[in-house]
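Here are my notes on this one, as numbered points. Have the model open while you read.

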Amino acid sequence: MISGETFLINLGSHIRQIRERKNLSQQNLADICDLPKTTIGRIERAEMNTTIKTLVKIANALEIEPKTLLDFQVK
């Protein structure tokens, strides 16, 4: 069984990895998503529980399917 906190940590790490593979800074991603840079940082650091709408914005900005954001191995 996975805890919510563990899930958020892994989700944030996965988003960071995808963002970095696409050579985007947090600011670049935030600009594309029309979100504050602090929001991207807080999601990547698992400091906030984000919404589905925000995940869809991030996925669109990263040019991936939203389900790809949730496709990671729990550590």
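1. Start at the end of helix H4: Glu-63 follows it, and its phi is positive, near 60 degrees. Helices here are DSSP runs (H or I, at least four residues), and strands would be E runs of at least two, numbered from the N terminus. Glu-63 is a residue other than glycine, and its place is the loop between H4 and H5. Most residues other than glycine have a negative phi. Glu-63 is exposed, at a relative accessible area of 68%; exposed means over 50%, buried under 20%, and partly exposed in between (1.4 Å probe, protein chains only).

2. Before you go further, some ground rules: this is a predicted model, where local features need pLDDT of at least 70 and side-chain atom pairs count only at pLDDT 80 or more, while totals for chains, interfaces and linings use all residues. Residues are numbered from 1 along each chain as its sequence is written, and side-chain values use heavy atoms, with hydrogens and water left out.

3. Which residues of H4 (52-62) are buried? They are Thr-54, Leu-55, Ile-58, Ala-59, Ala-61 and Leu-62. These sit on the same side of H4 because they cover an arc of only 165 degrees around the axis, taken from the directions from the helix axis to the C-beta atoms. On the other side of H4, Ile-52, Lys-53 and Asn-60 are exposed.

4. What do the buried residues of H4 pack against? Their partners are helix H1 (4-21), helix H2 (26-33), helix H3 (37-44) and helix H5 (66-69), with contact meaning heavy atoms within 4.5 Å.

5. Back in the loop between H4 and H5, have a look at Glu-65 too. Glu-65 is exposed, with a relative accessible area of 52%. From Glu-65 to Glu-44 is 21 residues in sequence and 18 Å in space, C-alpha to C-alpha.

6. Asn-23 also deserves a click: phi is positive there, about 55 degrees, although Asn-23 is not a glycine. Asn-23 lies in the loop between H1 and H2 and counts as exposed at 70% relative accessibility.

7. Last, the rings. The structure holds one aromatic pair: Phe-7 and Phe-72, tilted, 5.4 Å centre to centre and 45 degrees between the planes. Rings of Phe, Tyr and Trp (its six-membered ring) pair if their centres lie within 6.5 Å; planes under 30 degrees apart count as stacked, over 60 as edge-to-face and the rest as tilted. The pair links distant parts of the chain, with Phe-7 in helix H1 and Phe-72 in the segment after H5, 65 residues apart. Phe-7 is partly exposed at 32% relative accessible area, whereas Phe-72 is buried at 16%.
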